[in-house]
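Here is a briefing on one protein model. Look over the sequence and the structure first, then read the points by topic.

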Amino acid sequence: ELLREDVRLNLLVERLLAPEIQISEDDMRAYYEENKEAFQQQEQVRARHILVEDSALARELLVQLRNGASFEELAKEHSIDQASAEQGGDLGWFGRGVMVKAFEDAAFSAEVGALVGPVQTEHGYHIIEVLEHKPARQQTFEEVKDQVRDILFQRQLQEKLGPWLEQLRAEADIQRSVTQ
């Protein structure tokens, strides 16, 4: 309840002060140019895997996959990574530094669509398929324009909040009662 009330009050303050906040296209472009490094998109892959406990089973599953078996079905049936198994082994997008090193090295060096494995990690034996690969790149101003606007809005909001609260206190008729 306290969190809900806090969010409600924050949104109310934002709505009250929003008309006083002006963010121009030039301001946004200047911020983007000064902070371009913050808008670098790191290299990412989208991969799926099947994780099993022994190498013999991993090799057997790899043969089945190369013979046309469904990756999704084998992941659901055999993978000990229950979270990804329910998604057919799909791990979604991830960048470097997220997965264990051996897994990451295999995933980032694989061609899109290739089956890799078995790759041994402390979790077991992985069969990996890279579904998509995005190289590192600079995001354009147009791609991050809304994000830049939000950053500048929050900055100006914080700058205006203190003086606004002070003004409200100065104009308020606050009476304190002393109880014994």
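**Briefing: helix packing, sheet and selected side chains**

Lys 145 lies in helix 7; helices (DSSP H or I, at least four residues) and strands (DSSP E, at least two) are DSSP runs numbered from the N terminus. The model is predicted: local features need pLDDT of at least 70, side-chain atom pairs count only at pLDDT 80 or more, and totals for chains, interfaces and linings use all residues. Residues are numbered from 1 along each chain as its sequence is written, and side-chain values use heavy atoms, with hydrogens and water left out.

**Lys 145**
- Lys 145 is buried, at a relative accessible area of 18%. Buried means under 20% relative accessible area, exposed over 50%, and partly exposed in between (1.4 Å probe, protein chains only).
- Leaving aside neighbours within four places in sequence, Lys 145 contacts Glu 25 and Met 28. Contact means heavy atoms within 4.5 Å.
- The side chains of Lys 145 and Glu 25 make a polar contact at 3.1 Å. A polar contact is a pair of N or O atoms within 3.5 Å; within protein, one must be able to donate a hydrogen and the other to accept it, and residues adjacent in sequence count only if both atoms are side-chain atoms.

**Helices that cross helix 7**
- The axes of helix 2 (residues 25–34) and helix 7 come within 9 Å and cross at roughly 100°. Axes are lines fitted to C-alpha atoms, for helices over the stretch in contact, and angles run from 0 to 180 degrees between N-to-C directions.
- Helix 2 is therefore roughly perpendicular to helix 7. Angles of 65 to 115 degrees count as roughly perpendicular.
- By class, the contact of helix 2 with helix 7 has eight nonpolar, no polar and seven charged residues. Ala, Val, Leu, Ile, Met, Phe, Trp, Tyr, Cys and Pro count as nonpolar, Asp, Glu, Lys and Arg as charged, and the others, Gly among them, as polar.
- Helix 1 (residues 2–17) and helix 7 (residues 141–171) have axes that come within 10 Å and cross at roughly 90°. Helix 1 is thus roughly perpendicular to helix 7.
- The residues of the contact of helix 1 with helix 7 are seven nonpolar, one polar and two charged.

- Four strands form an open sheet in the order 3-2-5-4, with antiparallel pairing. Two strands pair if DSSP finds at least two bridges between them.
- Strand 3 and strand 4 are the edge strands, each pairing on one side only.
- From one strand to the next, the twist averages 40°.
- Helix 6 packs on the sheet and touches strand 2, strand 3, strand 4 and strand 5.
- Strand 4 (residues 115–121) and strand 5 (residues 124–134) pair over five bridges. They form a hairpin with two residues between them.
- Leu 115 has Glu 129 of strand 5 as its bridge partner.

**Arg 96**
- Arg 96 sits in the loop between strand 3 (90–95) and helix 6. Arg 96 counts as partly exposed, at 40% relative accessibility.
- The side chain of Arg 96 makes a polar contact with the side chain of Glu 43 (3.0 Å).
- Arg 96 and Gln 42 are 54 residues apart in sequence and 8.0 Å apart in space, C-alpha to C-alpha.

How values were computed: Angles under 35 degrees count as roughly parallel, over 145 as roughly antiparallel, 65 to 115 as roughly perpendicular and the rest as oblique.
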